[in-house]
Amino acid sequence: MKHILLLSLFIFSLTKTLSAEVLLSPIDAMKENYSKKATISKKNILLSSEKFHKIQALAKTKLRTKIYRIYSAKEDGKILGYGILINKKVRSKNAVVMYIITNNAILKGIEIIAFNEPHEFIPSKTWTAQFQNIPTNKMLELSREIPTITGATLSARCITDGSRIAFALYNELLKGK
């Protein structure tokens, strides 16, 4: 009986560490940032090789995929803005961050959707508040416009690099459409 209990406890802890911990659903993040009445739709975008290289050059960081998921919020037939999901490796595990961008090319804020590293590496709300009201033509750099986080430098780098990818995707694919 003791062995069965230990085995089940081990299996439970293993599945807990292997599964992604979703902190907030992307739909809820969009509704919180735009309007509860907004219609949220999602679209997967596959970048051509040409767009992939162009966006990588604009973002000044390596892209790991050609597939991105973009959410849009509409109300009364008018686009309010977009949410661009960026999935990046922090240390050994991934984090998924949604970059909320208004239809007038302003980063409204960010939402951490999933974070698989230990919770002490999740940036605070105070730190993530720096990602508000930033024009998408400004490519943010860690240790310049965005300060590092003691003990969570890799998380800060992941989110800052992700912002440049989201800005490049928005500017290339969505701006003015």
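Predicted model: local features only at pLDDT ≥ 70, side-chain atom pairs only at ≥ 80, totals over all residues.

Handedness first: I call a crossing left-handed if the near helix is turned anticlockwise from the far one by less than a right angle, and right-handed if clockwise. Helices here are DSSP runs of H or I with at least four residues, numbered from the N terminus. By that rule H3 passes H5 in a right-handed crossing. I looked up which residues make the contact (heavy atoms within 4.5 Å): Lys51, Lys54, Ile55, Leu58 and Ala59 from H3, with Arg164, Ile165, Ala168, Leu169, Glu172 and Leu173 from H5.

I number residues from 1 along each chain as its sequence is written, and side-chain values use heavy atoms, leaving out hydrogens and water.

Next I checked salt bridges (a side-chain nitrogen of Lys or Arg within 4 Å of a carboxyl oxygen of Asp or Glu) and got four. In one of them, Lys51 pairs with Glu172, their closest N and O atoms 3.0 Å apart. That pair joins H3 to H5 across 121 residues.

Confidence check: the protein averages a pLDDT of 84, and 84% of the residues score at least 70.

Notes. Helix = DSSP H or I, 4+ residues; strand = E, 2+ residues; numbered from the N terminus. pLDDT = per-residue confidence, 0-100.
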